[in-house]
Amino acid sequence: MTGRHVSLVPLAPAHADALAIVTRDSGLHTAWYTNVPAPDDVPRYIDKALEMQAAGEALAFAVLDADGRVVGSTRFYDLDAAVPNLKIGYTWYAPRVQRTGLNTEAKLLLFTHAFDVLGCASVAFETSWFNHTSRAAIARLGAKQDGVLRHHKRHADGSLRDTVVFSVIDAEWPAVRRHFRHKLDSHP
């Protein structure tokens, strides 16, 4: 999937070195409430993503900027063809591209694929209660907060996590698409 600001390409072991630099330079892996891998853990992170993909549980992507440099990772996961629905997550970017047209366009590409190609009835996001930056970013996309699942899973450090769930349903997709396009028009 390719746009003006971003390309989403299948995640591969060849992306490990560049993703390790992103995590090292950003320090994102040091936030206890995220699951961003430490630089040395990136190869295992990619292997796990590819195992999930082989099992039909996920579609993982490397995120490239307009110049073709790796600036992060994202994926579809919890794919449920019976509904159909999925979640977007495992998303992390180099700080220089956060809150830019790259992120907006990446989400537009993912939503477009989910709703217009896969025919999803809903697309959801999950994040830790303590990840205020992620919660605000998801809300800015136009997703609605569905609720909080208390002690739903564990953070990477083993502590219990309250998970905030957001979603966009198919009936909301046309308005959300207009919102994305409006936001993209404001980015050079």
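Q: Which backbone oxygen lies 3.1 Å from a polar atom of the Thr-34 side chain?
A: Start from the side chain and look for backbone oxygens around it. In this predicted model, the backbone oxygen of Ala-31 sits 3.1 Å from a polar atom of the Thr-34 side chain. The backbone oxygen of Leu-28 is another one, at 3.4 Å from a polar atom of that side chain.

Q: Is Thr-34 buried or exposed?
A: Check the relative accessibility. Thr-34 comes out at 15% and counts as buried, because the cut-off for buried is under 20%. As for its place, Thr-34 belongs to the loop between H1 and H2. Leaving out residues up to four places away in sequence, Thr-34 touches Leu-28, Asn-131 and Ala-156.

Q: Now helix H1: how do I read which residues are buried there?
A: The general idea first: an α-helix has 3.6 residues a turn, so residues three or four places apart point the same way. In H1, residues 16-26, the buried ones are Ala-16, Leu-19, Ala-20, Val-22, Thr-23 and Ser-26. Looking down the axis of H1, these buried residues fall within an arc of 155 degrees, so they line one face of the helix. Asp-17, Arg-24 and Asp-25 are exposed on the other side of H1.

Q: What is the strand order in the open sheet?
A: Walk from partner to partner. The 7 strands go S1-S2-S3-S4-S5-S7-S6, and the pairing is mixed. Strand S1 (6-10) and strand S6 (144-154) are at the edges with a single partner strand each, so one side of each has no neighbour in the sheet. On average, neighbouring strands here are turned by 30 degrees against each other, direction ignored.

Q: How do S4 and S5 run, and how many bridges join them?
A: Strand S4 (residues 85-93) and strand S5 (residues 122-128) run parallel, joined by 3 bridges.

Q: Which residues touch the most other members of the largest nonpolar core?
A: Count the neighbours inside the core. Of its 47 residues, Leu-8, Ile-88, Phe-111, Val-123 and Phe-125 touch the most other members. H3 gives the most to this core, with 8 residues. That helix, residues 101-117, runs at about 160 degrees to S4. Aside from neighbours within four places in sequence, the contacts of Val-123 include Leu-86, Ile-88, Phe-111 and Phe-166.

Definitions and conventions. Residues numbered from 1 in each chain as written. Predicted model: local features only at pLDDT ≥ 70, side-chain atom pairs only at ≥ 80, totals over all residues. Heavy atoms only, no water. Pairing = 2+ DSSP bridges. Helix = DSSP H or I, 4+ residues; strand = E, 2+ residues; numbered from the N terminus. Axes fitted to C-alpha atoms, helices over the stretch in contact; angles between N-to-C directions. Contact = heavy atoms within 4.5 Å. Buried < 20%, exposed > 50% of the residue type's maximum accessible area, 1.4 Å probe, protein only. Arc of directions from axis to C-beta. Core = buried A, V, L, I, M, F, W, Y, C linked by side-chain atoms within 4.5 Å. Polar contact = N/O pair within 3.5 Å; in protein donor to acceptor, adjacent residues only side chain to side chain.
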